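Thank you all for coming. I would like to take a few minutes to walk through one structure with you, and I will go slowly for anyone who has not seen it before.

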Amino acid sequence: MVPTKRNRSSPLPPSLLLSIAIGFWCTITCAEGWAMLPSNRNRLFSMHPLSPLKTASALRESKQEDAEALPDFSGKTLFQRTFYRLTSSAKVAQPNSIVVEERLRFQADSVDKSKARPMGGVTYILREGTDEDEITDEIFRLDVQGMIGGSSTSQSMIATILFLASNPQICQGTMLQLAAGDSGVAASILGCIGAGYAADKEGYKAKKKLRKQRREDAANAEDDPLLHAKPDDMLPPSLARLILSDESSSGLQKAYEVVKSASLSPGKVTIQELLWSRRPGMMGSPSMRNGPNMNGAYRTIVGCDMPYSFPSAKELARCVAHGLLPSDLVAQAQVESGSKRTTGANPSSGGGGGFLGMGDDVGTDTAPSTATADLEVDIDPAVPPAFVHIAAESTIMSSEDAIYLRQFLEQGYRMTVSTNYFKMERLSFHYQTLETIAPTLADEAKLDDMELELVDEGTPSYQSLIAIHHPDYAGDGSGELFFPIENGSYKGGSRGAGTYLEPETEGGSFMG
């Protein structure tokens, strides 16, 4: 049959009409399916899937059931708890030294009671170490405001805490924390307290048992010094002083708030401005115009996720090289004896005083210098002064500049650098609920008796970088003659002698 031309008024073929009808029906069904979903923004539970096609009356009943099923968080506090510890493969001095718990709190939104919002800061709790799946006794806790729980910054900070506590020999003498205002203040404070516990676990447990016995004796409770122990007593006995430094006033303010929350005394912990990332002569603070007097002031320098890019990596290496005590024991003694004869400003402050009441003993004629403070405690001479830096492996692998810090330290300042990798176990649990909006410590203690449901786990990897001085370095201001980057003997880079370690202008290496 010869096909005929269709008239304009002729009806559409039945198959085409059926396709249009099915498309229109599907559009209406999907729209109704999405419309019946409850709001899931900021919800703590998983989103409901789309239900199959229902009649209008069934949809109304479904909406009512969904509304009745929405959780009501009013009058409750929800807790999310995550536990961290180093894996058994980590090469540390004290395996299973401590466990760190990160605790977040949530309460009902003021408008929508089915939604929960964060409440307060993040609480970090040090617990006794174990390789078993159990919640151990608490050692110390610290509340930190402004920290985002579970973030990469928080996890790097926890990795630093675990590393210091697992290598307590590092925390001795005068210790400097760089960039304390970010996460360094909590990393160094909790790391040192964890190191103090790990260095004398049996002594800590004996005091804890004796404290419990004496607390039961009401007659001795008021005057017994054992029952009024300060957090200072939990720091390692070999730690002379912990100095928390930062470049900005806001960072110093954050550090001050954390120190205040930890109830540490100014005699043991001080806060100082240190503009380490700026070249000497370009310092912003009048007291720092000529740069910090960092001639062998510190036995330990700690950094966490410090910048690797140029020129920050170069200035960080300079700060470390000039600030760290020499490795040679005779040179150390000469630096310390020279500091003992010197009065006046603390080397870390460049002549400035304390900050916001912290470190008011610094900058006076009667204050011991940082190197002299080391003479007041027992130092293990077998442990050389060291710079310790912890960074996430993911950060190092994704940064093309990550190699330069090590090259500056090794080739520019002749330091011996070793790197290693360790894994941190992370266990996150489902929310626990308490029927109160103002939980006390006694209330939160009930959480340990509740069942925990594991919802996520991981083993992020971190790099530890440790740098010590060349054995021939004498300290005491001799760096200008000894360090290739400063004496003109460095051969490389785009500036001939390479005293600035600038990058090549045509894509070459910093180090030539």
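I will begin with how the model should be read, and then go through a strand, a helix and one threonine.

What you see is a predicted model, in which local features need pLDDT of at least 70 and side-chain atom pairs count only at pLDDT 80 or more, while totals for chains, interfaces and linings use all residues. Residues are numbered from 1 along each chain as its sequence is written, and side-chain values use heavy atoms, with hydrogens and water left out.

Let me start with strand β9, which covers residues 300-304; strands here are DSSP runs of E with at least two residues, helices are runs of H or I with at least four, and both are numbered from the N terminus. Five of the five residues of β9 are buried, where buried means under 20% relative accessible area, exposed means over 50%, and partly exposed lies in between, with a 1.4 Å probe and protein chains only. In a regular strand the side chains alternate between the two faces of the sheet. In β9, T300, V302 and C304 point one way, whereas I301 and G303 point the other way.

Which strands pair with β9? Strand β6, residues 173-177, pairs with β9 in the parallel sense over three bridges, and β10 also pairs with β9 in the parallel sense, over five bridges; pairing requires that DSSP finds at least two bridges between the strands. M175 stands opposite T300, and in β10 the bridge partner of G303 is H389.

C304 counts as buried because its relative accessibility is 12%, and C319 is buried too, with a relative accessible area of 3%. The number of disulfides, meaning pairs of cysteine sulfur atoms within 2.5 Å, comes to zero.

Turning to helix α12, residues 402-412, we find that its buried residues include Y404, L405, F408 and L409. The buried residues of α12 pack, by contacts between heavy atoms within 4.5 Å, against several elements, among them α8, β10 and β11. After α12 comes R414, whose phi is positive, near 55°.

Finally, T82 lies in strand β1, residues 77-86, and is buried because its relative accessibility is 7%. Leaving aside residues up to four places away in sequence, T82 touches V100, E101, E102, R426, L427 and S428. With S428 there is also a side-chain to side-chain polar contact at 3.3 Å, a polar contact being a pair of N or O atoms within 3.5 Å; within protein, one must be able to donate a hydrogen and the other to accept it, and residues adjacent in sequence count only if both atoms are side-chain atoms.
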